[in-house]
Amino acid sequence: MGSWALLWPPLLFTGLLVRPPGTMAQAQYCSVNKDIFEVEENTNVTEPLVDIHVPEGQEVTLGALSTPFAFRIQGNQLFLNVTPDYEEKSLLEAQLLCQSGGTLDTKVNSTVIPETQLQAEDRDKDDILFYTLQEMTAGASDYFSLVSVNRPALRLDRPLDFYERPNMTFWLLVRDTPGENVEPSHTATATLVLNVVPADLRPPWFLPCTFSDGYVCIQAQYHGAVPTGHILPSPLVLRPGPIYAEDGDRGINQPIIYSIFRGNVNGTFIIHPDSGNLTVARSVPSPMTFLLLVKGQQADLARYSVTQVTVEAVAAAGSPPRFPQRLYRGTVARGAGAGVVVKDAAAPSQPLRIQAQDPEFSDLNSAITYRITNHSHFRMEGEVVLTTTTLAQAGAFYAEVEAHNTVTSGTATTVIEIQVSEQEPPSTGGGPSEDKRFSVVDMAALGGVLGALLLLALLGLAVLVHKHYGPRLKCCCGKAPEPQPQGFDNQAFLPDHKANWAPVPSPTHDPKPAEAPMPAEPAPPGPASPGGAPEPPAAARAGGSPTAVRSILTKERRPEGGYKAVWFGEDIGTEADVVVLNAPTLDVDGASDSGSGDEGEGAGRGGGPYDAPGGDDSYI
């Protein structure tokens with residue numbers, strides 16, 4: 001078996017070498033210098049079988065037609081993965097697949113990791129190993145599985161999506177017994193991390209897409225116009241935007257190279273290969289329409305797309321440019337030197353820009369130049385106004401700006417007002433200039449501090465007021481203040497609707513005293529005086545002059561408020577009439593009047609009108 005007479009038949013290597021479109025040189029695709037090999041059986045071949053030439057940007061893999069588990073690729077070299085056995089298999093075949101820009105899309109039911117790379121080593125030669133694959137990424141077991149419980153080759157079960165699941169992790173468990181409950185049992189584990197590599201499946205897409213679901217893009221077409229007889233100095237302005245494409249496989253994101261595929265009559269247009277900017281190379285003598293087919297191809301030359309660019313050559317009327325404003329206003333600091341940019345008066349942080357527009361072709365706006373015609377202190381640099389000398393005098397300067405279209409030769413003018421302010425320019429001595437103005441942040445911080453101090457001051461004032469005037473405030477809040485007497489008015493009198501005493505009728509010649517009218521709430525009569533019922537003040541005034549009755553306030557104050565009043569008639573004798581004018585309050589229980597020695601004998605009673613319930617408010 002070990003002699004050369006029993007040689008293997010030649011090992012066959014079939015290479016499906018994919019040539020990118022338009023490439024002819026061998027350096028642009030994969031190749032090998034030998035594709036048939038002879039190897040003696042039962043020989044462990046450790047050296048590489050062949051070196052594979054792989055151009056830059058391309059990758060090589062084993063195809064599905066390869067003998068399973070027989071070969072492996074390391075770097076750009078092909079190795080034999082098994083010890084050949086003539087009786088078991090007399091022919092081994094390796095299929096090499098090359099692709100530019102990424103790996104091929106892995107097919108369902110193909111082996112991702114061969115068994116030889118995942119099988120465990122057991123020093124007990126007679127043991128049979130059992131493998132279990134457990135997912136650590138949720139849902140990963142839907143994509144991969146083991147070929148069998150005794151063969152740990154990893155197999156793909158469903159198509160992969162790089163954008164949905166870019167990576168998955170598994171836990172591979174191996175044991176030397178068929179079940180967990182079998183003793184003795186020995187186990188080992190390994191972690192599998194699978195990174196999904198994006199396949200180059202989609203061509204470049206010209207943007208913007210009129211429709212896209214992430215997998216398909218209905219790409220844009222572009223439109224533009226040029227004036228006849230003129231060469232535009234800048235790229236064309238196209239609708240809906242500039243020519244731009246990107247790789248449809250975002251995970252690969254190959255750079256795009258642009259070219260005009262068809263329709264460039266007389267070489268009128270030039271497209272930049274990297275930016276896609278379309279410019280006019282030569283003027284168009286008469287009106288016509290160009291239908292340009294522009295190709296965007298990946299830099300690895302694997303895939304490309306084509307879109308249409310429609311350019312209309314239109315006769316230009318030669319209209320002069322127009323300024324959107326009749327007067328522009330700018331400002332600059334007094335003392336500014338030469339070369340200082342004039343600021344926009346409406347937005348002092350921005351430079352003043354003078355811009356004119358062509359009324360027919362916006363592409364001609366870039367062909368407009370500007371100059372100041374009547375003032376030597378200022379000059380134009382593009383669309384910006386600069387000073388030419390030091391401005392030592394404050395005031396307003398007026399300058400005329402002329403716009404000239406270099407393509408159509410049309411001109412237009414406008415006026416700018418430049419206000420030289422009194423503000424000194426920033427110091428140029430090398431150090432930072434001192435800004436004496438406060439920023440918004442500084443003012444906000446100062447306002448916050450002052451607000452906090454004001455709050456503390458108010459709290460302190462509230463504490464002091466409560467400490468010194470708290471009892472008074474509590475008293476005043478719980479009870480209305482008593483009315484204070486003003487002048488000589490008798491504050492004991494109440495309005496008629498509040499008085500609850502009834503006047504006593506005038507005395508008559510009848511020896512029996514006259515009965516007084518019953519009040520709203522009758523009360524038992526009080527004791528009568530020996531001289532009969534005296535005449536009330538109203539009756540006395542009715543019978544005589546207003547001075548017939550005099551009112552004297554006693555010094556005694558009633559507990560419920562008010563004073564006792566005494567009326568003395570002209571024929572005053574030994575008895576005096578004492579009338580209580582204020583009504584008693586029901587919240588004072590058992591309160592009695594304190595008599596005064598000069599109020600007559602009626603005042604000297606031991607009891608007051610509240611000694612008995614229902615007592616009259618008037619007593620003698």
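**View 1. Q298, a buried residue in strand β23**. Q298 has a relative accessible area of 0% and is therefore buried (buried means under 20%, exposed over 50%, partly exposed in between, with a 1.4 Å probe and protein chains only). The model is predicted: local features need pLDDT of at least 70, side-chain atom pairs count only at pLDDT 80 or more, and totals for chains, interfaces and linings use all residues. Residues are numbered from 1 along each chain as its sequence is written, and side-chain values use heavy atoms, with hydrogens and water left out. Q298 belongs to β23, residues 288-298. Strands are DSSP runs of E, at least two residues, numbered from the N terminus.

**View 2. Side-chain partners of Q298**. The Q298 side chain makes polar contacts with two side chains: D200 at 3.0 Å and D300 at 3.0 Å. A polar contact is a pair of N or O atoms within 3.5 Å; within protein, one must be able to donate a hydrogen and the other to accept it, and residues adjacent in sequence count only if both atoms are side-chain atoms. Setting aside residues up to four places away in sequence, Q298 touches D200, R202, P204, D247, Q254, P255, I256 and R303. Contact means heavy atoms within 4.5 Å.

**View 3. An open, antiparallel sheet of three strands**. The strand order is β9-β12-β11. Strands β9 (111-113) and β11 (144-146) are the edges, each pairing on one side only. From one strand to the next, the twist averages 40° (axes are lines fitted to C-alpha atoms, and angles run from 0 to 180 degrees between N-to-C directions). Two bridges join β9 to β12 (residues 154-156) in the antiparallel sense; pairing requires that DSSP finds at least two bridges between the strands. Here I113 stands opposite L154 of β12.

**View 4. The second largest pocket**. Its space is about 1600 Å³, a volume filled by probe spheres set on grid points joined across faces, edges and corners. A pocket is an open set of points on a 1 Å grid over the protein atoms alone, where a 1.4 Å probe fits, with protein on both sides within 12 Å along at least five of seven lines; lining residues have an atom within 4 Å of a point. The lining has 44 residues, and T61, L62, T106, T111 and V112 lie nearest the centre. Elements giving two or more residues are β5 (58-62), β6 (71-74), β9 and β14 (187-195). Strand β5 gives the largest share, four residues.
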